Amino acid sequence: MPRAKILYQCQSCGYASPKWLGKCPDCGQWNSFSEEKRVTSLKSQSAAEPVALKDISASQGRRSSTDIKELDRTLGGGVVMGSVVLIGGDPGIGKSTLILQSMKGLARLGTVLYVSGEESPEQVKIRADRLHIHCGEIILLPETSLEGILAAARKIAPQVIVIDSIQTIFSLELPSAPGSVGQIRECATKLMFFAKKQGIPLFIIGHVTKEGAIAGPKVLEHIVDTVLYFEGDKGNPFRILRAVKNRFGSTNEIGVFEMQESGLMEVENPSQLFLSERPENVPGSVVTVSLEGTRPLLVEIQALVTTSSFGVPRRTALGVDYNRINLLIAVLDKRLGMHLGAMDIFVNVVGGLRIDEPAIDMGIIAAIVSSFRNQAIDREVFTFGEVGLSGELRAVSQASIRINEAVKLGFRKGIVPFSNSTASDGMHIDISGVKNVEEAVELLMF
Ligand SMILES: Nc1ncnc2c1ncn2[C@@H]1O[C@H](COP(=O)(O)OP(=O)(O)O)[C@@H](O)[C@H]1O
Ligand SMILES: [Mg+2]
């Protein structure tokens with residue numbers, strides 16, 4: 001018999017305690033504990049047989065395309081049968097839109113069960129009309145109880161299940177409210193067992209809130225196979241789908257979309273898009289090349305260096321690591337003798353992108369120097385390279401792919417690490433290989 005036990009769980013991080021606490025010792029949140037019923041099953045789920053690795057057939061790794069190339073790429077080449085994909089993101093970012101659009105392609109597999117706990121069937125219909133999706137295979141289920149969903153799924157035997165969103169689903173077996181950590185975990189686990197047993201893909205949509213008022217998808221990350229985050233600025237039509245965890249592919253891949261009236265449009269050439277509004281002859285702007293998974297991405301880095309009006313100068317990094325900026329500023333101070341101690345420095349990656357690759361170091365340095373000296377960098381020049389603490393420029397991986405992307409977009413000249421300079425062999429571009437930051441700055445600002 002399952003043994004039921006009452007315990008108190010932090011609604012923001014999932015920390016469990018046998019007593020109620022005012023403050024969570026794990027995440028520090030106040031007044032976040034609520035009562036949960038923990039069901040601990042004493043009997044084992046199933047008696048599994050040991051199998052030799054070589055006897056296992058990998059047919060379960062079969063993938064299916066969603067017909068949205070950017071989504072397929074982020075998933076690692078299509079969705080794997082029997083896998084659980086969590087799509088997280090702020091409310092209103094476009095999660096329901098993306099999933100509805102992908103269902104058109106997934107309907108090829110058979111019936112798609114779309115569980116909508118958030119919106120009425122009419123609301124979904126209005127969206128489907130706007131996105132021009134009229135597909136007989138999509139079955140809508142406006143249900144929020146887990147037991148009801150599982151009963152319907154057993155009856156319909158769908159080939160794909162979508163839960164929109166997990167925060168609205170609750171199990172009748174637990175006393176806590178929908179959206180609490182216990183409910184989310186229980187519902188997701190039960191749904192996952194169902195999907196794995198049937199060998200069908202399961203998509204779970206989850207909202208993230210900064211306050212943690214609703215238990216975010218964070219508690220689900222270790223349960224599911226793939227975690228995709230949908231990011232973007234509310235004021236900006238561009239949306240980036242990023243794989244944070246993927247048991248079936250790389251986590252470096254991103255998908256780029258543009259939100260339009262008729263839905264999310266795939267952006268085939270993001271480099272062109274991110275450079276489309278580049279200002280002419282303005283100091284503090286430079287183009288660098290980052291590699292997101294297998295795809296090179298030309299991005300504009302902007303820096304603004306101004307005299308600080310306070311005692312402690314401000315350093316602001318948007319889209320790049322804050323500590324990296326401080327490190328690069330220290331390198332500039334020591335190696336180029338640029339005294340930035342009394343300067344406010346703001347660094348921004350244009351287009352709301354976030355880049356964590358050291359290959360853009362040289363781009364950041366160039367933007368800061370350009371703004372500091374108030375001298376624009378030629379718009380047809382790009383640069384990349386990792387900067388070491390002694391000011392040396394270190395080689396980056398896949399240099400020829402990066403340079404090729406710049407050639408495609410009409411760049412004339414590139415300043416790259418010396419060991420990467422041969423990567424451009426056979427390409428029509430002027431590449432200068434440099435050994436350190438001083439040489440690079442000299443060439444960029446002649
Ligand atoms: N008529 C419309 N024209 C253009 N964009 C729209 C329209 N209706 C909704 N949107 C876009 O769709 C977004 C909502 O998408 P949705 O998929 O419901 O988000 P989520 O499921 O992540 O909460 C809105 O923020 C808006 O950008
Ligand atoms: Mg939605």
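Helices (H or I, at least four residues) and strands (E, at least two) are DSSP runs, numbered from the N terminus. The model is predicted: local features need pLDDT of at least 70, side-chain atom pairs count only at pLDDT 80 or more, and totals for chains, interfaces and linings use all residues. Residues are numbered from 1 along each chain as its sequence is written.

Let's start with helix 7, which covers residues 322-335. Its 14 residues reach 20 Å from first C-alpha to last, close to the 20 Å expected at 1.5 Å a residue (the expected span is 1.5 Å times one less than the number of residues). Just after helix 7 comes Gly337, with a positive phi of about 65 degrees.

Which residues of helix 7 are buried? They are Ile325, Leu328, Ile329, Val331 and Leu332, where buried means under 20% relative accessible area and exposed over 50%, with partly exposed in between (1.4 Å probe, protein chains only). They lie on the same side of helix 7 because they cover an arc of only 155 degrees around the axis, taken from the directions from the helix axis to the C-beta atoms. On the other side, Asn323 and Lys334 are exposed. Strand 18 (343-349) and helix 8 (361-373) are among the elements that cover the buried residues.

Now for the strands, which pair if DSSP finds at least two bridges between them.

| Strand pair | Bridges | Direction | Facing residues |
|---|---|---|---|
| strand 15 and strand 16 | 8 bridges | antiparallel | Ser290 and Leu297 |
| strand 16 and strand 18 | 7 bridges | antiparallel | Thr307 and Met343 |

The hairpin of strand 15 and strand 16 has 2 residues between the strands, and Gly293 takes a positive phi near 70 degrees there.

Definitions and conventions
Chains are lettered from A and ligands numbered from 1 in the order in which they are written. Side-chain values use heavy atoms; hydrogens and water are left out. Contact means heavy atoms within 4.5 Å.
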